[in-house]
Amino acid sequence: MAQHILHKNESRGHDHLEWLDSKKTFSFADYYNPKRMNFGALRVLNDDTLAGGKGFGSHPHDNMEIISIPLEGGLRHEDTAGNKKVVTAGQVQVMSTGSGLFHSEYNNSDTETAKFLQIWVYPETLNTTPKYTQITLPGASQENKLYAFIQPGQETDTATIRQDTWFSIGTFDKNTQLTYQTHKNGNGVYAFVIAGSFLVDGKELSERDGLGIWDTTEMTVQSLSEKAELLLMEVPMEF
């Protein structure tokens, strides 16, 4: 029987600084909740807003897969592997930190806020060569469908991380229904509502709610509002 864990929007950790407003689904930095450390290999899901011209200065990471999804505005990225990029809404940045690197992420605008999801996944193997990938999502051409933008095996216009994960995103008209089938036994799915509302495996979710589902091979999804946007993260529960 399917197992569920519901994380309502208002139950998330919240840090508010002059330059950063951050809502945290799982324990991170100053927010610590021993019951919310991870969902399988999914370690971090932060919902961040950066003030104009502000950002995260150069700092180190290793052995973590880091996915950044801009929702509004853009991020200016620079790392010690030589990558200098700008990633904007409609694109996704994927960074395998492997054996280690330093990077910085700044709001690319001096005046407008930037909003993005910061997601970390534990890798399957450690101390690999750092890798940076940036992809563009298909946008309106894929409406009312889920688009898998991270998946194993290098496909055109998708990214791969060093873990058996499938990340899918979609924007839906009201009352669109679909069934999601997991790709691998033992994987669970974390559903996060970016906009609008959904019924996911019988659980009603509002904007910024999250629902973890495991011990099942499929789940139903129904959009309950117009232009509803959903992110599904399928990750190993044992890793």
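Trainee: Which residues is His103 in contact with, leaving aside its neighbours within four places in sequence?

Mentor: His103 is in contact with Gly57, Ser58, His59, His61, His77, Glu78, Asp79 and Met95. Contact means heavy atoms within 4.5 Å. Keep in mind that this is a predicted model, where local features need pLDDT of at least 70 and side-chain atom pairs count only at pLDDT 80 or more, while totals for chains, interfaces and linings use all residues. Residues are numbered from 1 along each chain as its sequence is written, and side-chain values use heavy atoms, leaving out hydrogens and water.

Trainee: Why does His103 count as buried?

Mentor: Buried means under 20% relative accessible area, exposed means over 50%, and partly exposed is in between (1.4 Å probe, protein chains only). His103 has 5% relative accessibility, so it counts as buried. Glu105, at 4%, counts as buried too.

Trainee: What does Glu105 touch, leaving aside its neighbours within four places in sequence?

Mentor: Its contacts are Leu50, Gly55, Phe56, Leu75, Arg76, His77 and Gln93. A strand here is a DSSP run of E with at least two residues, a helix is a run of H or I with at least four, and both are numbered from the N terminus.

Trainee: What makes β5 and β8 edge strands?

Mentor: They belong to an open sheet of four strands in the order β5-β10-β7-β8, with antiparallel pairing. β5 (55–61) and β8 (84–88) each pair on one side only. The twist averages 20° from one strand to the next, with axes taken as lines fitted to C-alpha atoms (for helices over the stretch in contact) and angles running from 0 to 180 degrees between N-to-C directions.

Trainee: Which residues does UniProt place under "binding site"?

Mentor: The unreviewed entry gives His59, His61, His103 and Glu105. They span 47 residues in sequence, but no two of their C-alpha atoms are more than 12.9 Å apart, so they gather at one spot. UniProt positions follow the numbering used here, feature names are shortened, and annotations may be inferred rather than shown by experiment.

Trainee: Now to another residue. Where is Asp164 found, and why does it count as buried?

Mentor: Asp164 is in the loop between β13 (147–150) and β14 (166–172). Its relative accessibility is 19%, so it counts as buried. Not counting residues up to four places away in sequence, Asp164 touches Pro152, Lys184, Asn187, Glu234, Val235 and Pro236.

Trainee: What makes a polar contact between the side chains of Asp164 and Lys184?

Mentor: A polar contact is a pair of N or O atoms within 3.5 Å; within protein, one must be able to donate a hydrogen and the other to accept it, and residues adjacent in sequence count only if both atoms are side-chain atoms. The Asp164 and Lys184 side chains make such a contact at 2.3 Å.

Trainee: Which loop holds Asn63, and why is Asn63 called buried?

Mentor: Asn63 is in the loop between β5 and β6 (65–72). Its relative accessible area is 17%, so it is buried. Asn63 also has a positive phi of about 50° although it is not a glycine.

Conventions: Two strands pair if DSSP finds at least two bridges between them.
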